[in-house]
Amino acid sequence: MKYFERINEYIAGNILFPLSNYFLNRKNILSNYRKFIESEWYPEEWLRDVQLKKIIKTLEYANSRVPYYMKIFKEIDFSPKDIKQLDDIKMLPTLTRQDVIEYYKEMVDTRFQSSIRIADNSERGLGEPISFAGFRKHKLVRNTSSGSTGAPTIFYENGSITSSNWANEMRMRSWYGINPGAKEMRMARISTEFMQKNRTLLMRKYLWNQLILPGTNLSDTDYEICYRSVRKFRPKVFWGFTSALSGFAEYIENNGKDISQLRPQLIITWAAPLYEHEEKKLKSVFGCPVTNIYGAREVGHIAAICPQGSFHINQESLFVETDDVNGDYGGNDVGEILVTTLENTPMPFIRYRMGDVGRVSSSDCSCGRSLQVMKEFLGRTGEIFITRDGRMISPNFWCRTFMNDRIAKAFKRFQVIYRRDGNICIKLVRKDNNSYEAESLLKEFLKKNFHSDIKVDFDYVEKIEPRISGKYQMVINEAKNN
Ligand SMILES: [Zn+2]
């Protein structure tokens with residue numbers, strides 16, 4: 001059995017997966033993967049040198065082909081030759097999500113403009129990626145990502161971002177001893193009905209060893225379907241939105257499902273931070289390591305957690321820095337995360353504001369990999385509350401508070417809302433009506449951490465609705481209009 005499993009993994013991971021991706025214009029997946037599992041051990045200076053060379057190449061390309069950047073560079077009298085070291089990139093302005101929404105067409109290589117027109121006239125809805133068939137000439141994919149406010153960002157890529165994502169994902173799996181081609185279950189943005197009759201999904205199952213399951217707005221019926229399919233397919237890896245996988249774990253736990261037939265070796269969460277309480281739940285239900293991918297559709301996978309718990313940055317594919325020009329985050333290199341894409345893509349992103357707060361540091365991880373590490377990853381810019389004495393309250397503070405045994409016993413769910421007037425409202429979904437003790441304990445915690453003239457209200461609700469994107473938001477900052 002083991003022998004057949006190895007052959008099956010080898011064929012899927014080394015032949016069928018890279019070959020079919022090649023025809024989708026996602027080239028060099030395997031060769032990049034092989035390079036990446038070596039370069040992650042190279043000296044820090046080597047990695048920075050590679051980044052510098054790729055940044056200069058990206059800037060030269062932007063300067064000769066991308067109208068948006070041609071204009072900006074001219075305005076500030078910048079030439080890619082001015083870049084002598086990585087820090088010199090700070091000469092350039094940052095790119096906001098709003099800029100991308102407004103100028104996305106000018107952000108693409110001029111030679112691709114006719115393909116963009118075809119893509120934009122396509123009958124498919126905005127949220128759906130458009131296949132290559134219609135515009136073979138440039139092999140362009142239109143993609144969108146929905147923000148918390150609902151306005152979609154439209155962007156284009158030629159397959160190179162997807163290809164580097166795959167290579168980086170394969171590398172991350174190798175950290176946990178998972179080979180390319182190992183069976184995987186992926187909870188994606190599809191519905192149960194779509195699942196039944198789609199040919200792409202069949203292809204992914206039989207050629208790539210990937211079982212695609214629904215991953216948003218799941219009901220108990222959906223979870224039951226997932227449970228049964230997973231039992232049959234027996235994947236080594238569970239992959240999905242953080243919310244979907246924790247929901248799946250809860251469903252299994254609450255319904256006393258037999259998991260002796262489900263033996264994942266790794267759980268990969270993505271598209272949202274993995275909070276401590278979710279990590280604890282996943283580990284206790286499935287009994288295996290849990291990792292998290294940090295990234296965005298526009299720029300790709302930025303970082304992932306290694307078995308020793310560090311968030312390693314995919315330095316060969318992206319350059320990551322932080323920005324705190326307004327001094328909002330108290331110095332020490334903590335700031336908003338900015339990303340520059342290093343792949344050859346017709347739509348380069350340069351110093352793109354991720355909307356998350358953290359710090360980038362050299363690796364000091366005990367795993368020994370040289371890839372930079374993301375530290376003090378505090379969450380979305382709007383989710384951080386700064387107290388009067390200058391302390392930062394990150395979403396993890398709330399998560400830890402609600403992990404207290406007595407509090408966790410009383411409440412099913414919570415949501416913290418920072419009001420415009422500086423006060424705080426906490427929405428609570430009770431488990432039963434005996435929450436008096438937990439509530440006074442909660443008040444005590446709050447008294448210790450917040451100034452006494454900040455008013456904290458409790459609002460008991462039946463249910464907390466997810467955002468438009470389907471994700472559950474733990475903290476909402478009305479003052480920052482996130
Ligand atoms: Zn590490």
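**Close-up 1. Asn32 in helix α2 of a predicted model.** This view comes from a predicted model. N32 sits in helix α2, which covers residues 29-39. Is N32 buried or exposed? N32 is buried, because its relative accessible area is 15% and the cut-off for buried is under 20%. Which residues does N32 contact, once its neighbours within four places in sequence are set aside? The contacts of N32 are S163 and A167.

**Close-up 2. The zinc site.** Four residues coordinate the zinc ion. They are C306, H312, C365 and C367. What is the geometry of the site? The site is tetrahedral, with angles of 102 to 124° among the four donor atoms. For four tetrahedral donors, the ideal angle at a metal is 109.5 degrees. Along the chain, the donors of the zinc ion follow the spacing C-x5-H-x52-C-x1-C. C306 and C367 link distant parts of the chain, 61 residues apart. C306 is in the loop between β8 (300-305) and β9 (311-313). C367 is in the loop between β12 (352-361) and β13 (373-380). Both C306 and C367 are buried.

**Close-up 3. Ile302 in strand β8.** I302 belongs to strand β8. How accessible is I302? Its relative accessibility is 0%, so I302 counts as buried. Leaving out residues up to four places away in sequence, I302 touches a list of residues that includes Y294, G295, A296 and H312. I313, N314 and L318 are also among the residues that I302 touches. I302 and S317 are 15 residues apart along the chain. Their C-alpha atoms are separated by 8.1 Å.

**Close-up 4. Helices α10 and α11.** Two packed helices are described by the angle between their axes and the distance between the axes. Helix α10 spans residues 220-233, and helix α11 spans residues 242-254. They pack at an angle of about 85°. Their axes are 10 Å apart. How are the two helices oriented? They are roughly perpendicular to each other, because angles of 65 to 115 degrees fall in that class. From α10, the contact uses D220, Y223, E224, C226 and Y227. From α11, it uses S243, A244, G247, F248, Y251 and I252. By class, the residues of this contact are seven nonpolar, two polar and two charged.

**Close-up 5. Helices α1 and α9.** Helix α1 covers residues 2-23. It packs against α9 at an angle of about 145°, and the axes are 9 Å apart. Which residues of α1 and α9 meet? In α1 they are A12, L16, F17, S20 and N21. In α9 they are Y206, L207 and W208. The contact of α1 with α9 has six nonpolar and two polar residues, with no charged residues.

**Close-up 6. Asn143 in strand β1.** N143 lies in strand β1, residues 141-146. N143 is buried, with a relative accessible area of 15%. Setting aside neighbours within four places in sequence, N143 is in contact with T153, I154, F155 and R297. How far is the C-alpha atom of N143 from that of E157? The separation is 7.8 Å, with the two residues 14 places apart along the chain.

**Close-up 7. Two residues with positive phi.** N209 and D333 are the subjects here. Phi of N209 is near 60°, a positive value in a residue other than glycine. N209 is in the loop between α9 (199-208) and β4 (210-214). N209 is buried, with a relative accessible area of 5%. Phi of D333 is near 65°, also positive in a residue other than glycine. D333 is in the loop between β10 (318-323) and β11 (335-341). Is D333 buried or exposed? D333 is exposed, with a relative accessible area of 57%.

**Close-up 8. Asn158 in a loop.** Where is N158? N158 is in the loop between β2 (152-157) and α7 (160-175). N158 is buried, with a relative accessible area of 17%. N158 and E444 are 286 residues apart in sequence. From C-alpha to C-alpha, they are 54 Å apart in space.

Terms used: Residues numbered from 1 in each chain as written. Predicted model: local features only at pLDDT ≥ 70, side-chain atom pairs only at ≥ 80, totals over all residues. Heavy atoms only, no water. Donors = N, O, S within 2.8 Å, 3.2 Å for Na, K, Ca; no water. Tetrahedral: all angles 85-135°; square planar, octahedral: opposite > 155°, others 65-115°. Helix = DSSP H or I, 4+ residues; strand = E, 2+ residues; numbered from the N terminus. Buried < 20%, exposed > 50% of the residue type's maximum accessible area, 1.4 Å probe, protein only. Axes fitted to C-alpha atoms, helices over the stretch in contact; angles between N-to-C directions. Parallel < 35°, antiparallel > 145°, perpendicular 65-115°, else oblique. Contact = heavy atoms within 4.5 Å. Nonpolar A, V, L, I, M, F, W, Y, C, P; charged D, E, K, R; others polar.
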